[in-house]
Amino acid sequence: MTCCEGWTACNGFSLLVLLLLGVTLNAIPLIVNLVEEDQTFKNPISCFEWWFPGIIGAGLMVIPATTMSLAARKRACCNNKTGMFLSSLLNVITVIGAAYCLTVSIQALAEGPLICNSQGNRTSSCEFSFENLTAIHPESFNLQWFFDDSCVSPTDFNNPSINNTTASNRRTYSLHFNSTENKHRIIHFSVFLGLLLVGILEILFGLSQILIGFLGCLCGGVSKRRNRIV
């Protein structure tokens, strides 16, 4: 096995682990919402899990490059320029998907869960659009919604649109996980911080494989000729 094949195979296993991790993390808030409400998309923890950053971005878009990389060890597809070029091309898709996962995760961490917004758990602002996706304000990325004792503004208690349970939880706030507000904040923070790390790692692995593929295109077939000589 050449060094290119070794690194490609290692990349494949790493991307497979990250792919499964991304899908699992994305599914956690969806499952919690289904168990709590007994139906989907009713009072979700946030809008962002429904943009599927882990299932589509860090999951489906990574499958082609993962499959190609895992096949490199058995089929020696990295011993030719075509195989290395295809490996690089598929990893471009990986980088795009990981960048999508990364962008949604940053937006989710900046905004916080729906329970921390003035509209409560309403889903009126959950419509996906590229404008919403790129509307990231660095000054708001302070995670105050997570580190404060409560993310619900006191002025929101007089707002009838907020669920009464939310106001009650705010008045009887505790550090126990049984609090709806606290549970939503912890799940939201854990899931999207994990997806943020998954996105970063997938981008790094994808870029490294693109570089390896480019170098393999320049010197493709060398190891094959050496094996024949030996």
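Rings of Phe, Tyr and Trp (its six-membered ring) pair if their centres lie within 6.5 Å, with planes under 30 degrees apart counted as stacked, over 60 as edge-to-face and the rest as tilted. The structure is a predicted model in which local features need pLDDT of at least 70 and side-chain atom pairs count only at pLDDT 80 or more, while totals for chains, interfaces and linings use all residues. Residues are numbered from 1 along each chain as its sequence is written, and side-chain values use heavy atoms, with hydrogens and water left out.

**View A. Cluster of aromatic rings.** Trp145, Phe146, Phe147 and Phe189 are linked into a cluster by ring pairs.

**View B. Aromatic pair Phe48–Phe192**. Seven aromatic pairs are found across the whole structure. Among them, Phe48 and Phe192 pair edge-to-face, at 6.3 Å centre to centre and 85° between the planes. Phe48 lies in the loop between helix 1 (3-37) and helix 2 (53-57) and Phe192 in helix 8 (residues 180-218), so the pair ties together parts 144 residues apart in sequence; helices are DSSP runs (H or I, at least four residues), numbered from the N terminus. Phe48 is buried at 7% relative accessibility, and Phe192 is buried at 1%; buried means under 20% relative accessible area, exposed over 50% and partly exposed in between (1.4 Å probe, protein chains only).

**View C. Salt bridge Glu181–Arg185**. The structure holds one salt bridge, defined as a side-chain nitrogen of Lys or Arg within 4 Å of a carboxyl oxygen of Asp or Glu. The closest N and O atoms of Glu181 and Arg185 are 4.0 Å apart. Both residues lie in helix 8, four residues apart, about one turn of the helix. Glu181 is buried, at 0% relative accessible area, and Arg185 is buried at 1%.

Methods: Helix = DSSP H or I, 4+ residues; strand = E, 2+ residues; numbered from the N terminus.
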